[in-house]
Amino acid sequence: ARDLGPVLGNLHPMTLHNAERLKEISGLDEVSFHMSGTEAVMQAVRLARYHTKRKYLVRFCGAYHGWWEDVQPGPGNPLPPRETYTLRDMDERSLKVLRTRRDIACVLVNPLQALHPNANAPGDGQLIDGSRRAGFDREAYAAWLKRLREVCSERGIVLIFDEVFGGFRLAPGGAQEYFSVRADMVTYGKTLG
């Protein structure tokens, strides 16, 4: 192994190497690093809001996008939803909302929802529970993501894949490669380790 010398924050030469590799894998033009997956998703939403001049985001039922403001509704979060619409995954009515509203900056998609659309993600204890189904309809979810991509493109809505947990487990290029759908932004996190 080569000696990389002392590491001093983001000034280390490996940072540039890693950024170039992430650009190559994701097919995206820019890379930024954050302290947590939650912060990465927050920054992606901030950028979408800034560039679209709109303030609302869309998340889908049951999807997890970190522990911040109203993307994490329910017990443990005292804040009522303010600038988030929660819609049903794989539902034509959700596409209608996206086509008609003029205040939506971005749509957050956690590709793991393909395993359990509109249901909460399994916790650690449930992951070992044999009663949960292990399969899913890849073609149906890919078709849904393609329709979602079309609507987002038509309406100038930023499509963000939140792959902080899933990352490169589905395919070397992540969910974009696995489902053959390009996102405008992708957040990675735990899977980089």
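Ser180 lies in the loop that runs between helix H6 (174-179) and strand E5 (185-188), where helices (H or I, at least four residues) and strands (E, at least two) are DSSP runs numbered from the N terminus. The model is a predicted one, in which local features need pLDDT of at least 70 and side-chain atom pairs count only at pLDDT 80 or more, while totals for chains, interfaces and linings use all residues. Residues are numbered from 1 along each chain as its sequence is written, and side-chain values use heavy atoms, with hydrogens and water left out.

Although Ser180 is not a glycine, its phi is positive, at about 55°. Ser180 has a relative accessible area of 52% and is therefore exposed, given that buried means under 20% relative accessible area, exposed over 50%, and partly exposed in between (1.4 Å probe, protein chains only). A positive phi, of about 60°, is also found at Met90, which is not a glycine either. Met90 belongs to the loop between strand E2 (84-87) and H3, and with a relative accessibility of 34% this residue counts as partly exposed.

The protein as a whole contains six helices and five strands, and these elements follow one another along the sequence in the pattern α-α-β-β-α-β-α-α-β-α-β. Of the 193 residues in the protein, 41% are buried. The accessible surface comes to about 11300 Å², and 54% of that surface belongs to carbon and sulfur atoms; accessible areas come from the Shrake-Rupley method with a 1.4 Å probe, and for residues only the protein chains shown count as cover. When contacts between residues at least 6 apart in sequence are considered, 69% of them join residues at least 24 apart, a contact being defined by heavy atoms within 4.5 Å.

Two packed helices are described by the angle between their axes and the distance between the axes. Helix H3 (residues 92-100) packs with helix H5 (residues 138-155) at an angle of about 10°, and their axes are 9 Å apart; axes are lines fitted to C-alpha atoms, for helices over the stretch in contact, and angles run from 0 to 180 degrees between N-to-C directions. H3 is thus roughly parallel to H5, since angles under 35 degrees count as roughly parallel, over 145 as roughly antiparallel, 65 to 115 as roughly perpendicular and the rest as oblique. On the side of H3 the contact is made by Glu92, Ser94, Leu95, Leu98, Arg99 and Thr100, and on the side of H5 by Trp144, Arg147, Leu148, Val151, Glu154 and Arg155. Sorted by class, the residues in the contact of H3 with H5 are five nonpolar, two polar and five charged, where Ala, Val, Leu, Ile, Met, Phe, Trp, Tyr, Cys and Pro count as nonpolar, Asp, Glu, Lys and Arg as charged, and the others, Gly among them, as polar.

Cys106, in strand E3 (residues 104-109), is buried at 0% relative accessibility. The C-alpha atoms of Cys106 and Val158 are 4.4 Å apart in space, although 52 residues separate the two in sequence. Not counting residues up to four places away in sequence, Cys106 touches Val45, Ala48, Tyr56, Leu57, Val58, Ile157, Val158 and Ile160. Ile160 is found in strand E4 (residues 158-163) and is likewise buried, at 0% relative accessibility. Between Ile160 and Ala44, which are 116 residues apart in sequence, the C-alpha to C-alpha distance is 7.5 Å. With residues up to four places away in sequence again left out, Ile160 touches Ala44, Val45, Cys106, Val107, Leu108, Val109 and Met185.

Thr52 is placed in helix H2 (residues 37-52) and counts as buried at 19% relative accessibility. Thr52 touches Ala105, Gly156 and Val158, not counting residues up to four places away in sequence.

The structure holds zero disulfides, a disulfide being a pair of cysteine sulfur atoms within 2.5 Å. The cysteine sulfur closest to that of Cys106 is in Cys152, and because the distance is 9.1 Å, the two are too far apart for a bond. Cys152 is accordingly in no disulfide, and this residue is buried, with a relative accessible area of 1%.
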